[in-house]
Amino acid sequence: INLHLSYDEKIKGNIDVAVQLLENALTPPVSLGEDHHLLANRSEIYLLLGDALGLLGDEDGCTQSWSQAAYSSGDFRNMAPKTMSDKSFYSIEALERLGLSKERKRMIGELNEYAEALLTESLEIDYFATSLPRLLLFKDDPQTNQEIEYRTIKGQIDFLNKNSENAIRSLTEILLKDPSNETVFDLLTYMRSHLSLSRSIK
């Protein structure tokens, strides 16, 4: 929720409020009785926080947050650690902000390899991870989810390769078929916001 609200505040020009919301997203209140999994990738939040701090002129905080995003390796999905995931997209975006072109190119290649491997990856149905947003008991089709993840990452790679029009079109198609897909919704929000800001700067 905090992440989504931060976009609204940034559009309104309330950058300091957006920063506070993103910092809150990194540290959920103890009263909620929950926290991020230690292996969960938080590169998206760090990237957005770096962008917001940059708009406030905080160069040190901006660079530190982008670095956190860039080197947030791995993820925790479907009750298992992963070397890559759709969150790796935000790490690659952070590498571009930091001017690390070689690392960025290497990681795009690794993300593409991960996506291709999804097509041949063996599937296991997890009946117990019911607290995760995309894993409802006995409901989701693992094969369909895997195909959606593949298409999502391919859309990300299009965007990373500066083919933003194709990326947004393909991700929008996914969202039309799966309106509850928060990952794709967040991606489209990020892409449109980033493109809008880039055009306004030019």
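F89, Y90, F159 and Y190 form one aromatic cluster in what is a predicted model. The structure as a whole holds 5 aromatic pairs, and two of them that involve Y90 are set out below.

| Pair | Centre to centre | Angle between planes | Geometry |
|---|---|---|---|
| F89 and Y90 | 5.1 Å | 80° | edge-to-face |
| Y90 and Y190 | 5.6 Å | 80° | edge-to-face |

The rings of F89 and Y90 count as edge-to-face because their planes stand at 80°, where the cut-off for that class is over 60 degrees. The pair formed by Y90 and Y190 is likewise edge-to-face, with 80° between the planes. Since Y90 lies in helix α5 (residues 88-97) and Y190 in helix α9 (residues 182-201), this second pair ties together parts that are 100 residues apart in sequence.

When neighbours within four places in sequence are left aside, the contacts of S91 are N41, S43, A69, A70, S72 and M107. For S91 and R42, which are 49 residues apart in sequence, the C-alpha to C-alpha separation in space is 9.3 Å.

Note on methods: Residues are numbered from 1 along each chain as its sequence is written. This is a predicted model: local features need pLDDT of at least 70, side-chain atom pairs count only at pLDDT 80 or more; totals for chains, interfaces and linings use all residues. Side-chain values use heavy atoms; hydrogens and water are left out. Rings of Phe, Tyr and Trp (its six-membered ring) pair if their centres lie within 6.5 Å; planes under 30 degrees apart count as stacked, over 60 as edge-to-face and the rest as tilted. Helices (H or I, at least four residues) and strands (E, at least two) are DSSP runs, numbered from the N terminus. Contact means heavy atoms within 4.5 Å.
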